[in-house]
Amino acid sequence: MDEQGGPLRVDPIPTLLHSDNKAIRYFTGRDLLLEDPGPVDTLWALPIVRGILRKQQEDGSWRYPGRNRQIYTEINYDLLETFRQLSILIDKYGLDLRHPAVEKAAGYLFACQTDEGDIRGILGTQYMPYYHGAILELLIKAGCGHDPRVQRGLQWLLSMRQHDGGWIVPMQAVPAKEKTRETWSTPPIPPDRSRPFSHLATGMALRPFAAHPKYSQLEAVTNAAHRLKSRFFQSDKYNDRKAREYWLKFQYPFWWTNLLTGLDTLSLLGFGPSDEDVQRALQWFAENQQSDGLWLTSYELSRRTRPSAKEREAMLWVSLATCRVFMRFSTSQPH
(Lines give C-alpha, C1' and ligand atoms only; values in the text may rest on other atoms or scores of the structure.)
Protein backbone atom coordinates (compact mmCIF):
# COMPACT_ATOMS: atom_id res chain seq x y z
CA MET A 1 0.00 0.00 0.00
CA ASP A 2 2.95 2.39 0.30
CA GLU A 3 2.97 3.26 -3.40
CA GLN A 4 -0.77 3.75 -3.73
CA GLY A 5 -2.24 4.16 -0.31
CA GLY A 6 0.12 6.22 1.79
CA PRO A 7 2.53 5.66 4.68
CA LEU A 8 1.25 2.43 6.20
CA ARG A 9 3.61 0.35 8.32
CA VAL A 10 2.27 -2.95 7.00
CA ASP A 11 0.76 -3.74 3.60
CA PRO A 12 -2.74 -5.12 4.35
CA ILE A 13 -3.33 -6.44 0.82
CA PRO A 14 -1.79 -9.91 1.33
CA THR A 15 -4.00 -10.49 4.38
CA LEU A 16 -7.09 -9.36 2.49
CA LEU A 17 -6.26 -11.57 -0.49
CA HIS A 18 -5.87 -14.60 1.77
CA SER A 19 -9.37 -14.16 3.20
CA ASP A 20 -11.82 -17.03 2.79
CA ASN A 21 -14.43 -14.44 1.81
CA LYS A 22 -14.78 -14.28 -1.96
CA ALA A 23 -16.30 -10.79 -1.89
CA ILE A 24 -13.37 -9.38 0.11
CA ARG A 25 -10.91 -10.91 -2.36
CA TYR A 26 -12.95 -9.56 -5.28
CA PHE A 27 -13.04 -5.96 -4.04
CA THR A 28 -9.39 -6.08 -2.97
CA GLY A 29 -8.42 -6.96 -6.52
CA ARG A 30 -10.77 -4.44 -8.10
CA ASP A 31 -10.36 -1.44 -5.78
CA LEU A 32 -6.85 -1.79 -4.39
CA LEU A 33 -4.88 -3.65 -7.07
CA LEU A 34 -6.94 -2.08 -9.88
CA GLU A 35 -7.35 -5.46 -11.55
CA ASP A 36 -10.38 -6.70 -13.48
CA PRO A 37 -11.88 -9.50 -11.37
CA GLY A 38 -14.83 -9.94 -13.73
CA PRO A 39 -18.44 -8.78 -13.38
CA VAL A 40 -19.61 -8.01 -9.85
CA ASP A 41 -22.77 -10.02 -10.37
CA THR A 42 -20.69 -13.17 -9.86
CA LEU A 43 -21.04 -12.34 -6.15
CA TRP A 44 -24.82 -12.23 -6.34
CA ALA A 45 -25.10 -16.02 -6.33
CA LEU A 46 -23.14 -16.48 -3.10
CA PRO A 47 -25.04 -18.47 -0.44
CA ILE A 48 -25.10 -15.53 1.99
CA VAL A 49 -26.71 -13.32 -0.65
CA ARG A 50 -29.29 -15.95 -1.54
CA GLY A 51 -30.08 -16.36 2.14
CA ILE A 52 -30.77 -12.64 2.56
CA LEU A 53 -32.88 -12.51 -0.60
CA ARG A 54 -35.05 -15.43 0.53
CA LYS A 55 -36.21 -13.37 3.49
CA GLN A 56 -37.34 -10.36 1.48
CA GLN A 57 -41.07 -9.64 1.81
CA GLU A 58 -43.46 -9.13 -1.08
CA ASP A 59 -43.48 -5.36 -0.56
CA GLY A 60 -39.68 -5.24 -0.90
CA SER A 61 -38.94 -4.93 2.82
CA TRP A 62 -37.24 -7.24 5.28
CA ARG A 63 -39.08 -8.10 8.46
CA TYR A 64 -37.45 -6.99 11.71
CA PRO A 65 -36.85 -10.07 13.88
CA GLY A 66 -36.95 -8.52 17.37
CA ARG A 67 -39.75 -8.25 19.89
CA ASN A 68 -39.74 -4.46 20.02
CA ARG A 69 -42.10 -4.25 17.07
CA GLN A 70 -44.88 -5.55 19.31
CA ILE A 71 -43.97 -3.19 22.15
CA TYR A 72 -43.36 0.02 20.21
CA THR A 73 -45.93 -0.14 17.44
CA GLU A 74 -45.24 3.50 16.52
CA ILE A 75 -41.82 2.54 15.15
CA ASN A 76 -41.36 1.11 11.65
CA TYR A 77 -38.86 -1.59 12.53
CA ASP A 78 -39.13 -3.13 9.06
CA LEU A 79 -37.69 0.10 7.63
CA LEU A 80 -34.71 -0.28 9.96
CA GLU A 81 -34.23 -3.93 8.98
CA THR A 82 -34.56 -3.11 5.28
CA PHE A 83 -31.84 -0.49 5.63
CA ARG A 84 -29.62 -3.03 7.37
CA GLN A 85 -30.10 -5.86 4.88
CA LEU A 86 -29.94 -3.63 1.80
CA SER A 87 -26.69 -2.09 3.03
CA ILE A 88 -25.16 -5.59 3.20
CA LEU A 89 -26.33 -6.45 -0.31
CA ILE A 90 -25.13 -3.18 -1.85
CA ASP A 91 -21.92 -2.50 0.07
CA LYS A 92 -20.63 -6.03 0.56
CA TYR A 93 -21.86 -7.77 -2.58
CA GLY A 94 -22.31 -5.01 -5.12
CA LEU A 95 -26.01 -5.44 -5.86
CA ASP A 96 -27.73 -2.58 -7.67
CA LEU A 97 -30.92 -1.80 -9.56
CA ARG A 98 -30.13 -4.48 -12.12
CA HIS A 99 -31.21 -6.98 -9.47
CA PRO A 100 -35.01 -7.13 -9.02
CA ALA A 101 -34.68 -7.43 -5.24
CA VAL A 102 -32.92 -4.06 -5.05
CA GLU A 103 -35.55 -2.49 -7.27
CA LYS A 104 -38.28 -3.84 -4.98
CA ALA A 105 -36.46 -2.64 -1.87
CA ALA A 106 -36.04 0.82 -3.39
CA GLY A 107 -39.79 0.88 -4.00
CA TYR A 108 -40.42 0.09 -0.35
CA LEU A 109 -38.03 2.82 0.83
CA PHE A 110 -39.63 5.39 -1.43
CA ALA A 111 -43.03 4.37 -0.07
CA CYS A 112 -41.75 5.58 3.33
CA GLN A 113 -41.01 9.05 1.92
CA THR A 114 -43.33 11.80 3.13
CA ASP A 115 -44.76 14.71 1.17
CA GLU A 116 -42.08 16.88 2.79
CA GLY A 117 -39.41 14.78 1.09
CA ASP A 118 -37.91 12.86 4.01
CA ILE A 119 -37.92 9.11 4.59
CA ARG A 120 -39.50 8.60 7.98
CA GLY A 121 -40.51 5.83 10.38
CA ILE A 122 -37.55 4.57 12.40
CA LEU A 123 -38.27 7.32 14.94
CA GLY A 124 -42.00 6.98 14.48
CA THR A 125 -43.42 10.22 13.11
CA GLN A 126 -40.32 12.22 14.09
CA TYR A 127 -37.69 13.55 11.70
CA MET A 128 -34.62 11.34 11.29
CA PRO A 129 -32.13 13.23 9.08
CA TYR A 130 -29.31 10.83 10.00
CA TYR A 131 -31.10 7.63 8.94
CA HIS A 132 -32.67 9.50 6.02
CA GLY A 133 -29.18 10.42 4.82
CA ALA A 134 -27.83 6.91 5.18
CA ILE A 135 -30.81 5.46 3.29
CA LEU A 136 -30.40 8.00 0.49
CA GLU A 137 -26.73 7.02 0.23
CA LEU A 138 -27.76 3.42 -0.40
CA LEU A 139 -30.30 4.43 -3.02
CA ILE A 140 -27.69 6.54 -4.82
CA LYS A 141 -25.15 3.70 -4.75
CA ALA A 142 -27.82 1.37 -6.13
CA GLY A 143 -28.31 3.64 -9.15
CA CYS A 144 -31.18 5.91 -8.08
CA GLY A 145 -29.18 9.14 -8.08
CA HIS A 146 -31.23 10.70 -10.87
CA ASP A 147 -34.57 9.65 -9.41
CA PRO A 148 -36.59 12.79 -8.57
CA ARG A 149 -37.51 11.25 -5.20
CA VAL A 150 -33.81 11.08 -4.28
CA GLN A 151 -33.35 14.66 -5.43
CA ARG A 152 -36.31 15.70 -3.28
CA GLY A 153 -34.77 13.87 -0.33
CA LEU A 154 -31.46 15.66 -0.78
CA GLN A 155 -33.20 19.01 -0.99
CA TRP A 156 -35.06 18.18 2.23
CA LEU A 157 -31.75 17.48 3.94
CA LEU A 158 -30.35 20.81 2.79
CA SER A 159 -33.43 22.56 4.18
CA MET A 160 -32.90 20.94 7.61
CA ARG A 161 -29.44 22.34 8.34
CA GLN A 162 -28.64 24.23 11.51
CA HIS A 163 -27.50 27.85 11.40
CA ASP A 164 -23.90 26.61 11.72
CA GLY A 165 -24.28 24.44 8.59
CA GLY A 166 -24.47 21.01 10.19
CA TRP A 167 -27.36 18.82 11.26
CA ILE A 168 -28.96 17.57 14.43
CA VAL A 169 -31.61 14.97 15.11
CA PRO A 170 -34.36 17.26 16.45
CA MET A 171 -35.30 14.73 19.11
CA GLN A 172 -31.75 14.99 20.49
CA ALA A 173 -32.64 18.43 21.82
CA VAL A 174 -35.64 17.13 23.77
CA PRO A 175 -34.83 16.23 27.41
CA ALA A 176 -35.30 12.54 28.13
CA LYS A 177 -37.92 13.22 30.80
CA GLU A 178 -40.08 14.95 28.18
CA LYS A 179 -40.04 12.01 25.75
CA THR A 180 -43.20 9.98 26.27
CA ARG A 181 -44.71 7.09 24.37
CA GLU A 182 -46.95 9.58 22.58
CA THR A 183 -43.93 11.56 21.34
CA TRP A 184 -43.28 8.97 18.63
CA SER A 185 -46.70 9.42 17.05
CA THR A 186 -47.14 13.21 17.33
CA PRO A 187 -46.34 15.77 14.60
CA PRO A 188 -42.56 16.00 14.06
CA ILE A 189 -40.60 18.35 16.25
CA PRO A 190 -38.71 20.90 14.12
CA PRO A 191 -35.01 21.46 14.76
CA ASP A 192 -33.92 24.31 17.01
CA ARG A 193 -31.56 25.77 14.43
CA SER A 194 -29.68 27.89 16.96
CA ARG A 195 -28.23 24.78 18.59
CA PRO A 196 -24.75 23.50 17.63
CA PHE A 197 -24.58 20.67 15.12
CA SER A 198 -24.24 17.04 16.09
CA HIS A 199 -21.34 15.24 14.43
CA LEU A 200 -23.29 11.96 14.65
CA ALA A 201 -26.12 13.45 12.59
CA THR A 202 -23.87 15.51 10.31
CA GLY A 203 -21.64 12.60 9.37
CA MET A 204 -24.60 10.46 8.33
CA ALA A 205 -26.44 13.33 6.59
CA LEU A 206 -23.35 14.12 4.48
CA ARG A 207 -22.93 10.63 3.07
CA PRO A 208 -25.53 10.81 0.28
CA PHE A 209 -24.09 14.13 -0.90
CA ALA A 210 -20.62 12.59 -1.03
CA ALA A 211 -22.03 9.72 -3.13
CA HIS A 212 -23.79 12.02 -5.61
CA PRO A 213 -21.62 13.59 -8.34
CA LYS A 214 -23.80 16.69 -8.64
CA TYR A 215 -24.61 17.44 -5.02
CA SER A 216 -21.09 16.72 -3.78
CA GLN A 217 -19.98 19.99 -5.38
CA LEU A 218 -22.32 22.23 -3.37
CA GLU A 219 -20.75 24.88 -1.15
CA ALA A 220 -23.21 23.98 1.64
CA VAL A 221 -21.93 20.39 1.56
CA THR A 222 -18.29 21.48 1.67
CA ASN A 223 -19.05 23.77 4.61
CA ALA A 224 -20.77 20.95 6.50
CA ALA A 225 -17.78 18.69 5.83
CA HIS A 226 -15.51 21.32 7.40
CA ARG A 227 -17.74 21.22 10.47
CA LEU A 228 -17.54 17.45 10.65
CA LYS A 229 -13.75 17.21 10.49
CA SER A 230 -13.37 19.93 13.09
CA ARG A 231 -14.93 17.51 15.58
CA PHE A 232 -12.62 14.53 14.98
CA PHE A 233 -11.75 12.84 18.30
CA GLN A 234 -14.08 15.14 20.27
CA SER A 235 -17.25 14.35 22.21
CA ASP A 236 -20.55 15.06 20.51
CA LYS A 237 -22.74 17.90 21.76
CA TYR A 238 -25.65 15.50 22.38
CA ASN A 239 -26.11 12.32 24.34
CA ASP A 240 -26.45 9.80 21.49
CA ARG A 241 -23.04 8.16 20.99
CA LYS A 242 -21.54 11.17 22.73
CA ALA A 243 -18.23 9.80 24.07
CA ARG A 244 -15.01 10.38 22.15
CA GLU A 245 -14.48 6.61 22.00
CA TYR A 246 -17.23 6.32 19.39
CA TRP A 247 -14.90 7.83 16.82
CA LEU A 248 -12.97 4.55 17.06
CA LYS A 249 -15.86 2.07 16.84
CA PHE A 250 -15.99 0.94 13.23
CA GLN A 251 -18.58 -0.99 11.23
CA TYR A 252 -18.92 -2.11 7.64
CA PRO A 253 -21.28 -1.54 5.98
CA PHE A 254 -21.10 1.96 7.43
CA TRP A 255 -23.72 2.88 10.00
CA TRP A 256 -22.86 5.44 12.67
CA THR A 257 -20.44 8.31 12.24
CA ASN A 258 -16.87 7.43 13.15
CA LEU A 259 -13.34 8.31 12.04
CA LEU A 260 -13.49 5.94 9.06
CA THR A 261 -16.87 7.12 7.77
CA GLY A 262 -15.72 10.71 8.21
CA LEU A 263 -12.56 10.14 6.17
CA ASP A 264 -14.51 8.22 3.56
CA THR A 265 -16.89 11.16 3.11
CA LEU A 266 -14.07 13.71 2.99
CA SER A 267 -12.14 11.67 0.42
CA LEU A 268 -15.21 11.54 -1.84
CA LEU A 269 -15.77 15.28 -1.44
CA GLY A 270 -12.28 16.08 -2.69
CA PHE A 271 -10.44 16.95 0.53
CA GLY A 272 -6.73 16.21 0.37
CA PRO A 273 -4.31 14.52 2.78
CA SER A 274 -2.58 17.83 3.47
CA ASP A 275 -5.67 19.09 5.30
CA GLU A 276 -4.68 19.25 8.97
CA ASP A 277 -7.70 17.34 10.29
CA VAL A 278 -7.50 14.71 7.55
CA GLN A 279 -3.78 14.30 8.15
CA ARG A 280 -4.33 13.76 11.86
CA ALA A 281 -6.98 11.12 11.21
CA LEU A 282 -4.89 9.30 8.60
CA GLN A 283 -1.97 9.32 10.99
CA TRP A 284 -4.11 7.63 13.61
CA PHE A 285 -4.84 4.79 11.20
CA ALA A 286 -1.20 4.56 10.17
CA GLU A 287 -0.16 4.23 13.82
CA ASN A 288 -2.82 1.72 14.81
CA GLN A 289 -2.41 -1.10 12.32
CA GLN A 290 -2.16 -4.63 13.66
CA SER A 291 0.83 -6.81 12.77
CA ASP A 292 -1.07 -8.35 9.82
CA GLY A 293 -1.93 -4.92 8.43
CA LEU A 294 -5.55 -4.88 9.57
CA TRP A 295 -7.42 -2.59 11.97
CA LEU A 296 -9.56 -3.55 14.93
CA THR A 297 -13.23 -2.68 14.74
CA SER A 298 -13.18 -1.47 18.33
CA TYR A 299 -10.12 -0.82 20.40
CA GLU A 300 -11.78 -2.60 23.28
CA LEU A 301 -10.82 -5.76 21.35
CA SER A 302 -7.16 -5.04 22.04
CA ARG A 303 -7.71 -6.29 25.59
CA ARG A 304 -8.27 -9.77 24.21
CA THR A 305 -5.67 -12.03 22.65
CA ARG A 306 -7.76 -13.36 19.76
CA PRO A 307 -10.90 -12.03 18.02
CA SER A 308 -13.73 -14.42 17.20
CA ALA A 309 -14.28 -15.54 13.60
CA LYS A 310 -17.10 -13.01 13.26
CA GLU A 311 -14.94 -10.21 14.66
CA ARG A 312 -12.10 -11.24 12.35
CA GLU A 313 -14.33 -10.96 9.28
CA ALA A 314 -15.55 -7.56 10.49
CA MET A 315 -11.90 -6.47 10.75
CA LEU A 316 -11.32 -7.54 7.14
CA TRP A 317 -14.25 -5.47 5.86
CA VAL A 318 -13.27 -2.43 7.92
CA SER A 319 -9.68 -2.75 6.73
CA LEU A 320 -10.78 -2.96 3.09
CA ALA A 321 -12.80 0.24 3.57
CA THR A 322 -9.80 1.89 5.24
CA CYS A 323 -7.55 0.96 2.32
CA ARG A 324 -10.03 2.48 -0.13
CA VAL A 325 -9.81 5.73 1.82
CA PHE A 326 -6.00 5.72 1.69
CA MET A 327 -6.15 5.02 -2.04
CA ARG A 328 -8.43 8.00 -2.65
CA PHE A 329 -6.35 10.38 -0.58
CA SER A 330 -3.18 9.28 -2.37
CA THR A 331 -4.58 10.56 -5.68
CA SER A 332 -6.62 13.53 -4.43
CA GLN A 333 -5.88 17.20 -4.88
CA PRO A 334 -6.07 19.67 -1.97
CA HIS A 335 -9.60 21.00 -1.53
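Predicted model: local features only at pLDDT ≥ 70, side-chain atom pairs only at ≥ 80, totals over all residues.
Pro253 sits in the loop between helix H11 (219–230) and H12, where helices are DSSP runs of H or I, at least four residues, numbered from the N terminus. Residues are numbered from 1 along each chain as its sequence is written, and side-chain values use heavy atoms, with hydrogens and water left out.

**Loops with positive phi**
- Arg241 is found in the loop between H11 and H12, and has a positive phi of about 50 degrees although it is not a glycine.
- Arg241 is partly exposed at 21% relative accessible area (buried is under 20%, exposed over 50%, partly exposed in between, using a 1.4 Å probe and protein chains only).
- Leu34, in the loop between helix H3 (22–32) and helix H4 (47–54), isn't a glycine either, yet has a positive phi of about 60 degrees.
- Leu34 is exposed, at 60%.

**H10 against H12**
- Helix H10 (residues 199–211) packs on helix H12 (residues 259–268) at about 30 degrees, axes 9 Å apart (lines fitted to C-alpha atoms over the stretch in contact, with angles from 0 to 180 degrees between N-to-C directions).
- Leu206, Arg207 and Ala210 of H10 meet Thr261, Thr265 and Leu268 of H12, contact meaning heavy atoms within 4.5 Å.

**Ser319**
- Ser319 lies in helix H14 (residues 309–331) and is buried, at 0% relative accessible area.
- Leaving aside neighbours within four places in sequence, Ser319 contacts Leu16, Leu294 and Trp295.

Key:
Helix = DSSP H or I, 4+ residues; strand = E, 2+ residues; numbered from the N terminus.
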